[in-house]
Amino acid sequence: MKIFFDWVAEKPVALLILVVLLALLIDFSGVTWRLEQMVADTGISLLPQEAPQNVVIVAVDEKSLRKFGRWPWSRRIHAQLLDQLAVAGTGPVVFDVLFAEVSKADAVGDQLFAAAIARHGKVVLAMASDEDPKDGKVSEVLPLPMFADSAASIGHADMAIDKDGIVRSTYLLAGTAVARWPGLALAAMHVAARSGAADLPGENFSDRKSIHEGRWIRDRRILFPYAGGAGTFPTLSFVDVVEGRGGAEALLGKTVFVGITAAAMRRVFATPDANEGVMSGVEIQANILNSLQQNLAITSAQGLPRQVGLIFLSLVAASILVYARFIGIFSRLLLVLMVSAGLLLAVMMTTGLLLPVVPVWAGLGIVGFLLSRKRIDSLQRSSALDPLTGLYNRRAFESHFENMWRLNERHKQLLFLLIIDVDHFKRFNDALGHLQGDKALKKLAGYLESKTRRAGDRVCRVGGERFAMLLDMDEPDLQHVEAYAQEIVDGIHDLGIHYWDGDTQQQLTVSIGCAGIVPSQYHTREELFDLADRALYQAKNAGRNRIHYRWSEKRSGAVKGFLAAPDS
């Protein structure tokens, strides 16, 4: 897996594809849902909107309860309210109150209320759903026929509570069997415009032509911004309006929502703004209408538009992360965060679509981690490499030497060290110059690196034209090590690196000193290095272009079993 990610980190196009795939996978899994809602709440709250001007709330508050007594009141009180509102010249009047039962104590009051609804001509009444606990079937709770026949429209008062307990959206249509009832706010808009349903925004959850008996069907979900916290909309006390103290100028032409705000009776719901706490249902309905009036309804992209938008955001953000190499990775991530957030807000303002951005951030975070890890690995590796040859340097070699020493000591196994020195390298430099000398060293280093076969094999440049190699052998014996070292000597000779020493053409060769020790308390790493170094000088003194080996005089019985030749 590491090899795969390291390969991907080297390919810009592969990184772009990886970000896209990660974003799609994370979005499909739904693991970032809560964070996505938080980001959406923040983005929607930033949408520019005007202060509410066309909506007024008439509140059934504590003051009204003290005046008119225990709820529910006689419908003739509601009739008085409607007559006062008609005199004030209001627009639609929306009752966020159910009138589904006959008032047995005041049947005349019901008739007066029905007549007042007809006289006003712009009254929207609420309906709701009721689920039978026995069989789970849902039925519609509608206003009394005498009220419904007089009303201009009926709207559902269903609250869309998300799984985190927050009301941030609404369904413009709902009903049993088929989503046929508009929401209260949408019904008010239709009454004000005296028109029916046009093309509605929102997510299309159901085919309204199909029938789902016994089920509450919701359709056309929209997200909406709140104009502010509780108390944002102008609010008049019910009793003040009934007694003519509401002020006609405050009601003229306004859409009026009538609902309960008294603390002992109202239903409250959590809003996205944690600082504002909770809000009554009638105030939420007013916020929904305000967002519809200002064309601020936001549709959460789904299906193909969601996937296309996700791919678009992923490609834009990933391109910045991958190609903006003039700044650091964390600075790039911060820039990507700001750019993608800006794009999200711009798309919402221009198209009304909410695109998922958190899965993109999560994918970018994963890729950013891979890039930073690659960068760290690169820095660590470069600090351990010889800048000329690309082999490990002396410090990295010493660290590996120590690890191999402990491992072989634990397994009581021979550890072999080769020290390789270029013959007459000064003559080579004098003949061709240091630039050609560096090129020759790079070529030798490449060959030596190609000879490392096992995980523990390690070759390094220990200085100048000298190299060292540790051998990690499954079944170490001197005969195999000698053959391996001789293979290196012959292979370098076969590289055919020539130079002229005066009138004589010379061949670049190496000499190798080989030593082996079973690490134990009787030996040290310095001893092994010293043995290999002395073996190298013996190879030099014997004519160069050859190998020589040595081992410790303090060899144990285990060593004797591996070494077949006497000390030379």
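Helices (H or I, at least four residues) and strands (E, at least two) are DSSP runs, numbered from the N terminus. On that basis, the secondary structure of this chain comes to 20 helices and 21 strands. The model is a predicted one, in which local features need pLDDT of at least 70, side-chain atom pairs count only at pLDDT 80 or more, and totals for chains, interfaces and linings use all residues. Residues are numbered from 1 along each chain as its sequence is written, and side-chain values use heavy atoms, with hydrogens and water left out.

## Overall shape

Let's begin with the whole chain. Its radius of gyration is 42 Å, well over the 24 Å that the globule rule gives for 568 residues, so the chain is more spread out than a compact globule. Here the radius is taken over C-alpha atoms, and the rule is 2.2 Å times the number of residues to the power 0.38. Along its principal axes, the C-alpha trace spans about 130 × 50 × 45 Å.

Buried residues make up 50% of the 568 residues. Buried means under 20% relative accessible area, exposed means over 50%, and partly exposed lies in between (1.4 Å probe, protein chains only). A contact means heavy atoms within 4.5 Å. Of the contacts in the chain with a separation of 6 or more, 74% are between residues 24 or more positions apart.

Angles under 35 degrees count as roughly parallel, over 145 as roughly antiparallel, 65 to 115 as roughly perpendicular and the rest as oblique. A crossing is left-handed if the near helix is turned anticlockwise from the far one by less than a right angle, and right-handed if clockwise.

| Helix pair | Axis distance | Angle |
|---|---|---|
| α2 (residues 12-29) and α12 (residues 303-323) | within 9 Å | roughly 140 degrees |
| α5 (residues 75-88) and α6 (residues 107-120) | 7 Å | about 20 degrees |
| α8 (residues 184-193) and α11 | 8 Å | about 50 degrees |

Helices α2 and α12 are therefore oblique to each other, and their crossing is right-handed. Residues in α2 including L16, V20 and L24 meet residues in α12, among them L310, I311 and L315. The residues of this contact divide into 14 nonpolar, three polar and two charged. For this count, Ala, Val, Leu, Ile, Met, Phe, Trp, Tyr, Cys and Pro are nonpolar, Asp, Glu, Lys and Arg are charged, and the others, Gly among them, are polar.

Helices α5 and α6 are roughly parallel to each other, with a left-handed crossing. On the α5 side, the contact includes R75, H78 and L82, and on the α6 side it includes D110, F113 and H120. Its residues divide into nine nonpolar, three polar and five charged.

Helices α8 and α11 are oblique to each other, and they cross in a right-handed way. Here L184, A185, L186 and M189 in α8 meet Q285, I288, L289, L292 and Q293 in α11. This contact has seven nonpolar residues, two polar and no charged.

## Individual residues

S291 has its place in helix α11 (residues 281-293). S291 is buried, with a relative accessible area of 0%. Leaving aside neighbours within four places in sequence, S291 is in contact with F224, P225, L296 and A297.

I420, in strand β15 (residues 415-422), is also buried, with a relative accessible area of 0%. Not counting residues up to four places away in sequence, I420 touches L448, E465, R466, F467, V510, S511 and I512.

N54 lies in the loop between α3 (33-45) and β1 (55-60). N54 is partly exposed at 40% relative accessible area. Beyond its neighbours within four places in sequence, N54 is in contact with K254, T255 and Q293.

## Backbone details

Most residues other than glycine have a negative phi, and most peptide bonds are trans. The peptide bond from W71 to P72 is cis, with omega near 5 degrees; P72 lies in the loop between α4 (62-68) and α5.

H424 is not a glycine, yet has a positive phi of about 50 degrees. This residue is found in the loop between β15 and α16 (425-432). R544, also not a glycine, has a positive phi of about 65 degrees, and its place is in the loop between α19 (525-541) and β21 (547-551).

Definitions and conventions. Axes fitted to C-alpha atoms, helices over the stretch in contact; angles between N-to-C directions.
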